[in-house]
Each structure stands twice: as structure tokens, then as C-alpha cells.
Amino acid sequence: MKQDIFKYDENIYQIDVFMENKPGRMSCYYIDSTNPILIEVGPSNSFPYLISSLESLGINEVKRSAMTHLHLDHIGGIGHLVEKYKEHFVYIHELGLKHLPNPEKLWKAVSEVYTEEWLSTNWGEIKPTPINNLRSLKDKELIDLGNGRKLEAIYGPGHAKHHYTFYDEYSKTLFMGDTLGLIYPHGNFVQPNLPPPDFNKEVLFNTLDELYTLDLKYVALAHFGIHKNPYQLIMNAKENIELWIDFVTKLPNLSINEATESLKIWLSENYRILGVDEETINNYINNGNFKMQIQGIKKYLHID
Ligand SMILES: [Zn+2]
């Protein structure tokens with residue numbers, strides 16, 4: 001089975017879980033400290049890739065994990081995780097305790113955005129997680145990584161109301177989930193990720209401003225990978241979110257599909273002006289759910 005694993009400072013492994021069978025879409029992380037932890041599991045269909053990568057590192061048992069938020073590209077495989085490792089427990093926002101033992105409602109809500117067929121084919125179905133395998137997080141909670149190393153859970157809404165980021169002060173790495181946005185390979189700019197129903201600019205900017213005050217060396221994104229210029233990227237994310245909101249505000253009265261196409265064309269042109277190569281542009285344009293972005297911004301602006 002194909003594998004793509006990078007080792008960063010202080011025993012942090014970045015694992016590509018080949019979301020939708022494509023490289024560079026979804027990263028999970030494993031902090032191999034004295035008391036290790038997995039961050040994110042990825043969708044159901046990615047679970048075999050995650051396990052094969054962990055086993056190639058000699059890791060045959062994972063006792064605990066931490067999930068940034070409840071979107072299915074991040075937690076879809078959670079039922080597989082607790083089924084494979086019986087003693088495993090998962091740190092997650094308290095809403096997870098409500099939804100994950102009976103994930104039908106969550107599945108239905110996501111199906112309305114992606115369609116059930118697309119979800120089953122691309123991400124795979126979600127299995128229930130017993131409540132005993134779940135631990136709800138509190139803001140600023142410290143998770144013990146052993147030998148005095150701690151992972152701080154920082155509540156960070158704006159992308160989703162159930163979002164946490166995780167800060168490892170020892171390596172100065174911030175595991176951001178989707179709080180920052182997307183950076184696909186070769187990109188050095190951030191593409192916003194502003195889905196309905198929770199995207200809210202003021203809330204997200206408050207979160208980003210709080211995270212900016214941390215002592216950072218790396219930001220670790222779900223989509224995708226670890227990046228070494230955290231402060232520049234946080235500034236860039238805020239600038240681009242403002243530009244996207246401005247673009248949607250000024251759109252004439254178009255159908256959702258027309259608005260989505262306009263956003264893609266505008267974005268491609270902007271990327272060309274920035275000197276981005278065509279392959280990278282295609283990577284961004286063909287792999288983003290731009291309809292969802294328009295819906296998220298419109299809902300925030302109350303123009304949906
Ligand atoms: Zn995501």
C-alpha cells in the first residue's frame with residue numbers, strides 16, 4: 001500500500017492518508033513522544049493508509065487520538081480506530097459525544113452538502129463510536145505527552161463551532177485542522193476554507209489573532225502538511241478571507257452554480273498574477289468545494 005510519511009522535529013510524523021485516493025489532500029500527525037498521540041484520523045476510506053503507515057513505523061497500538069473538529073474528512077474513520085484499538089480513546093469537542101455514538105444525524109447533515117453517493121464513494125461511511133471511547137475537551141486543557149511535554153487544546157471556532165487546535169510548546173508546532181485554510185503542495189499562500197453553517201469572519205479572526213500570539217515554529221494543516229512560516233501564513237489567510245468576502249459581496253445576482261464558476265475564474269486569474277504555475281492552479285481549482293465556500297460566505301453575510 002502506498003505511503004508518504006515525513007518526520008519533523010521532535011518525533012512528529014506527518015502521514016498522508018491519500019484522501020479520495022489522491023496524494024497531498026489530508027494529513028494526519030503522530031507525535032511519538034513518551035506518551036504518544038495521533039492527531040486526526042481522516043475519512044473512513046483513508047483508514048487502511050493510516051494503519052499501513054503507522055505499522056511501517058513500528059507502531060502497532062495507538063492508545064489515544066485528538067480530533068480538531070467534527071467534519072467527516074477529519075473524523076470519518078473514528079469508528080474504525082476504536083474498533084481496531086480496543087482501549088483507544090479520542091479527545092474531541094463535547095458535541096462529538098452527542099453525535100458520534102449515533103452518527104446518522106451527522107451523516108445526513110453532511111450528505112445535504114455533498115450528496116450521500118459522493119460521500120459513500122469518496123470518504124466512506126462512518127461507524128458509530130461508543131461513548132466510553134470519547135473524552136470531551138476543555139479550552140486550554142493540557143494533554144500529557146510524557147516527560148513534561150504537553151499538548152494544549154485551544155478552542156478555536158470560526159471554521160466550525162466544534163473546532164480545537166492543538167499546540168505542542170516543546171516543538172513549537174500548532175496543529176491547526178482547518179482553522180487557517182488550505183495549502184496544497186507548492187503553494188505558499190492560503191486558500192480560505194469557509195463552509196456553512198458556522199463560518200463567521202469575526203469569530204475566525206479572533207481565533208487566528210489568539211493563535212498568532214503563540215511562540216510558533218511550524219503550523220501543521222490537515223490540508224496539507226507542515227509549514228515553516230506560521231506568522232506570514234496567518235496574515236495571508238486573513239487577507240484572503242477579506243478578499244473572498246469582498247468578491248462574493250460584489251457578485252451580481254447569479255445562481256449558485258454561476259457564482260461558483262465566477263469564483264473559480266477569479267481565483268485562477270489571481271493565482272496567475274501571483275506567478276503560480278498551472279499545475280498548482282489546477283490542483284487548487286479541481287480539488288476545492290467552491291460551491292460550499294460561496295454558501296458559507298453568503299450565510300455569514302445573511303444573503304443566502
Ligand atoms: Zn477539512
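Predicted model: local features only at pLDDT ≥ 70, side-chain atom pairs only at ≥ 80, totals over all residues.
Reader: How many helices and strands does the chain have?

Author: There are 11 helices and 13 strands.

Reader: Back to β2 and β3. Which sheet are they in?

Author: An open sheet of seven strands, ordered β1-β2-β3-β4-β5-β6-β7, with mixed pairing. Its edge strands are β1 (5-8) and β7 (134-136), and each pairs on one side only. Neighbouring strands are turned by 25 degrees against each other on average, direction ignored. For angles, axes are lines fitted to C-alpha atoms, for helices over the stretch in contact; the angles run from 0 to 180 degrees between N-to-C directions.

Reader: What about the loop between β2 and β3? Which residue there has a positive phi?

Author: Glu-20 sits in that loop. Its phi is positive, about 55 degrees, although Glu-20 is not a glycine.

Reader: Next sheet. What is the strand order with β8 in it?

Author: β8-β9-β10-β11-β12-β13, six strands in an open sheet with mixed pairing. The edges are β8 (141-146) and β13 (225-227), each pairing on one side only. From one strand to the next, the twist averages 25 degrees.

Reader: How do β8 and β9 pair?

Author: In the antiparallel sense, over five bridges, with β9 covering residues 149-155. Leu-142 stands opposite Glu-152 in β9. The two strands form a hairpin with two residues between them. In the turn, Asn-147 has a positive phi of about 55 degrees.

Reader: And the other edge? How many bridges join β12 to β13?

Author: Three, and these strands run antiparallel too; β12 is residues 218-221. The bridge partner of Val-219 is His-227 in β13. The loop between β12 and β13 holds Phe-224. A cis peptide bond joins His-223 and Phe-224, with omega about 10 degrees.

Reader: Where is the cis bond with two prolines?

Author: It joins Pro-196 and Pro-197, with omega about 0 degrees. Pro-197 lies in the loop between β11 and α7 (201-212).

Reader: Which strands does α8 lie across?

Author: β11 (173-177), β12 and β13. Helix α8 (residues 230-250) runs at about 55 degrees to β12.

Reader: How do α7 and α8 pack?

Author: At an angle of about 170 degrees, with their axes 10 Å apart. So α7 is roughly antiparallel to α8. Angles under 35 degrees count as roughly parallel, over 145 as roughly antiparallel, 65 to 115 as roughly perpendicular and the rest as oblique. The contact includes Phe-205 and Leu-208 of α7, and Ile-234 and Ala-237 of α8. Two residues are in contact if their C-beta atoms, placed from the backbone, lie within 7 Å.

Reader: What classes of residue make up the contact of α7 with α8?

Author: Nine nonpolar, no polar and two charged. Ala, Val, Leu, Ile, Met, Phe, Trp, Tyr, Cys and Pro count as nonpolar, Asp, Glu, Lys and Arg as charged, and the others, Gly among them, as polar.

Reader: And α9 with α11? At what angle do they cross?

Author: Roughly 105 degrees, with the axes of α9 (residues 256-273) and α11 (residues 290-301) coming within 9 Å. That makes α9 roughly perpendicular to α11. Among the contact residues are Leu-263 of α9 and Phe-290 of α11. By class, the contact has five nonpolar, two polar and two charged residues.

Reader: Domains. Where are the bounds?

Author: Domain 1 is 5-238 and domain 2 is 243-301. Those bounds come from an automatic or database domain assignment. The C-alpha centres lie 25 Å apart. The contact takes 15 residues from domain 1 and 15 residues from domain 2.

Technical notes
Residues numbered from 1 in each chain as written. Pairing = 2+ DSSP bridges. Helix = DSSP H or I, 4+ residues; strand = E, 2+ residues; numbered from the N terminus.
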